[in-house]
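Please have the sequence and the structure at hand while reading.

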Amino acid sequence: MSLVDQWPDGIDPDHVPTHIACVMDGNGRWARARGLPRTEGHAAGEEALLDAVEGALILGVRWLTMFAFSTENWRRPADEVRYLMGFNESLLMRRRDELHAKGVRIRFAGRRDWRVPRRVLRRMDESVELTRDNRRMTLTMAFNYGGRAEIVDAVRALVAEGVDPDGVTEKSIRAHLYQSEQPDPDLMVRTSGEYRISNFLLWQLAYSELVFSDVLWPDFRRQHLFAAVAEYQHRERRYGRVRT
Ligand code: IPE
Ligand code: IPE
Ligand code: MG
């Protein structure tokens with residue numbers, strides 16, 4: 001099937017978001033509804049992630065950022081945290097060649113602190129290295145990521161450089177964020193019927209269009225991504241201006 005055949009109905013090819021960010025939420029509830037342990041919900045989320053990536057590739061989205069583990073998710077039961085660390089590692093092992101073959105550049109945003117097992121960090125580094133020259137799409141996994149922590153880290157870096165107060169600007173803070181060259185998300189999608197940001201990309205979401213879906217993450221497929229993009233295309237982005 002050619003790309004043209006796959007083009008989803010109702011989407012204007014001239015106004016596809018350059019950057020989509022996604023909060024993959026609802027794994028636990030998906031599992032509970034089936035009488036399964038929460039971890040089964042995370043496992044089932046893998047298919048959703050890969051299908052969302054495929055959908056983004058079909059649309060020609062250049063940047064896709066997925067929230068996989070927050071700085072607050074350490075508060076979960078130790079078993080679940082341990083599972084999520086191992087799951088991230090095994091998902092990379094299983095899927096990185098396939099993503100590489102599709103021209104996806106893999107990156108990570110978040111803190112590399114002592115709580116992330118070294119083995120997991122190693123797999124992350126290997127995946128970044130393997131895919132570093134790919135340009136079709138950049139997939140950033142926000143892992144041990146917190147929007148506040150990111151801003152704190154940026155300000156710390158500025159202070160360490162010895163900038164004076166006048167040197168603290170929106171531009172200089174942005175230049176020290178985890179992915180400084182990446183444009184802000186045009187569209188942020190959150191699944192599972194929760195209407196909040198939960199410390200995701202606080203700086204970058206300032207003018208993003210927000211779309212909330214009731215679908216639980218493991219049930220999310222490319223059609224849901226297409227529906228979110230269609231909704232985005234009906235929004236008017238004003239950035240504080242008035243309509244002309
Ligand atoms: C999202 O699903 C995955 C992570 C936060 C790691 P949840 O695990 O938050 O699922 P719910 O929100 O409890 O249903
Ligand atoms: C946000 O979901 C983090 C990820 C999806 C990785 P949470 O499930 O942790 O958010 P809250 O606790 O409902 O706000
Ligand atoms: Mg949740």
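## The pocket

In this predicted model, ligand 1 sits in the largest pocket. The residues that surround ligand 1 are Met24, Asp25, Gly26, Asn27, Gly28, Arg29, Arg38, His42, Ala68, Asn73, Arg76 and Leu84. By type, this shell consists of 3 nonpolar, 5 polar and 4 charged residues.

## Polar contacts and burial

Oxygen atoms of ligand 1 take part in polar contacts with the protein. A polar side-chain atom of Arg38 is 2.8 Å from an oxygen atom of ligand 1. In the side chain of Arg76, an N or O atom lies 2.7 Å from an oxygen atom of the ligand. For Asn27, the atom involved is a polar backbone atom, 3.1 Å from a ligand oxygen atom.

How much of the area that ligand 1 exposes when taken alone does the protein bury? Taken alone, ligand 1 exposes 380 Å², and the protein buries 87% of that area.

## Helices around the ligand

Two helices, H2 (27-32) and H3 (38-59), each supply at least two residues of the shell around ligand 1. H2 gives the largest share of that shell, with 3 residues.

Helix H3 has 22 residues. From its first C-alpha to its last, H3 reaches 32 Å, close to the 32 Å expected at 1.5 Å a residue. After H3 comes Gly60, which has a positive phi, near 80 degrees.

Methods: Residues are numbered from 1 along each chain as its sequence is written. Chains are lettered from A and ligands numbered from 1 in the order in which they are written. This is a predicted model: local features need pLDDT of at least 70, side-chain atom pairs count only at pLDDT 80 or more; totals for chains, interfaces and linings use all residues. Side-chain values use heavy atoms; hydrogens and water are left out. A residue is near a molecule or strand if one of its heavy atoms lies within 4 Å of it. A polar contact is a pair of N or O atoms within 3.5 Å; within protein, one must be able to donate a hydrogen and the other to accept it, and residues adjacent in sequence count only if both atoms are side-chain atoms. Accessible areas come from the Shrake-Rupley method with a 1.4 Å probe; for residues, only the protein chains shown count as cover. On a 1 Å grid over the protein atoms alone, a cavity is a set of points where a 1.4 Å probe fits but cannot get out, and a pocket is an open set with protein on both sides within 12 Å along at least five of seven lines; lining residues have an atom within 4 Å of a point. A molecule sits in a cavity or pocket if more than half of its atoms lie within 2 Å of its grid points. Helices (H or I, at least four residues) and strands (E, at least two) are DSSP runs, numbered from the N terminus. Ala, Val, Leu, Ile, Met, Phe, Trp, Tyr, Cys and Pro count as nonpolar, Asp, Glu, Lys and Arg as charged, and the others, Gly among them, as polar. The expected span of a helix is 1.5 Å times one less than its number of residues.
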